[in-house]
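Student: I have a structure open and would like to learn how to read it. Can we go through some features one by one?

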Amino acid sequence: QIRTYPMTAFAALLISLPSAAGFGLAPAHAPPLRLRAPAVRACAPASEEVDVVVVGAGLGGLSCAGLLASQGLKVAVLESHYEIGGCAHEFNVNMDGKPVPSELLAKKPQPVFKFEAGPSLYSGLSADASPNPLKHIFQMVGEEPEWINYDTWGAHLPEVPEGYELSIGAENFMEILRRYGGPTAREDWDRLPEQLMP
């Protein structure tokens, strides 16, 4: 099944950041909300004429659609998966262990576990001069959300069911390994790059 998503430039770019939305990303001209597939409905009729068809609603496709729409072109994005975002999408699993599409969850709320299929942390989006290519796309489109910086992160792990929160940075990551990773965790981490080399 192919779904068609009519795109505005800003919507295309915001939904390309599903994980970042959970960290306080909010459009500057709208109340805070989490943007997911239901925010852009699969509603364009098959007979509607568009200037450009983008195949794939991953980061590349949504960035391309956002840039094209910012130039006044009428853009449709086609996606075969039930979630948009490509390798950076988020998915939901209900209490019975079954996947629940975001579009269904918006119509019929229920308790779910949320999982990220891609990156959890995005960096370089708030600074004006940034090496992050997604920041460049927002700048080219000429619209940006309000970026909210954070300097701590945390997690709930089997080893730390009560969770932890530490400042962001390499030294603090090493502290997490020392505290919760077991007696060889830091040495194992230091050896990992050697094992990854071709």
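Student: Which residue in β5 is the bridge partner of Val93?

Tutor: Keep in mind that this is a predicted model. In β5, Val93 has Pro99 as its bridge partner. That bridge belongs to a pairing of β4 with strand β5 (residues 99-100), which is antiparallel and has 2 bridges.

Student: What lies between the strands in the hairpin of β4 and β5?

Tutor: There are 4 residues between these two strands, and in this hairpin Gly97 takes a positive phi near 85°.

Student: Over how many bridges do β4 and β6 pair, and in which sense?

Tutor: β4 pairs with strand β6 (residues 112-116) over 5 bridges, in the antiparallel sense.

Student: How many residues of β4 are buried?

Tutor: A residue counts as buried when its relative accessible area is under 20%. In strand β4 (residues 90-94), 4 of the 5 residues are buried, so the strand is mostly covered. For the protein chain of 198 residues, the buried share is 35%.

Student: Is Trp153 buried or partly exposed?

Tutor: Trp153 has a relative accessible area of 25%, so this residue is partly exposed. Trp153 is part of strand β7 (residues 152-157).

Student: Which residues does Trp153 touch, leaving out those up to four places away in sequence?

Tutor: The list is Tyr164, Glu165, Leu166, Ser167, Ile168, Phe173 and Ile176. Take Tyr164 as an example: Trp153 and Tyr164 are 11 residues apart in sequence, and their C-alpha atoms are 8.2 Å apart in space.

Student: Now the helices. What describes two packed helices?

Tutor: Two values are used: the angle between the axes and the distance between the axes. Here, helix α6 (residues 170-180) packs with helix α7 (residues 185-196) at an angle of about 130°, and the axes are 8 Å apart. That angle makes α6 oblique to α7.

Student: Which residues of α6 and α7 meet?

Tutor: From α6 come Phe173, Met174, Leu177 and Arg178; from α7 come Ala185, Arg186, Trp189 and Asp190. Sorted by class, this contact has 5 nonpolar residues, 3 charged and no polar ones. Phe173 was also in the list of residues that Trp153 touches.

Student: How many helices and strands does the protein chain have?

Tutor: The protein chain has 7 helices and 8 strands.

Conventions
Residues numbered from 1 in each chain as written. Predicted model: local features only at pLDDT ≥ 70, side-chain atom pairs only at ≥ 80, totals over all residues. Heavy atoms only, no water. Axes fitted to C-alpha atoms, helices over the stretch in contact; angles between N-to-C directions. Parallel < 35°, antiparallel > 145°, perpendicular 65-115°, else oblique. Contact = heavy atoms within 4.5 Å. Nonpolar A, V, L, I, M, F, W, Y, C, P; charged D, E, K, R; others polar. Buried < 20%, exposed > 50% of the residue type's maximum accessible area, 1.4 Å probe, protein only. Pairing = 2+ DSSP bridges.
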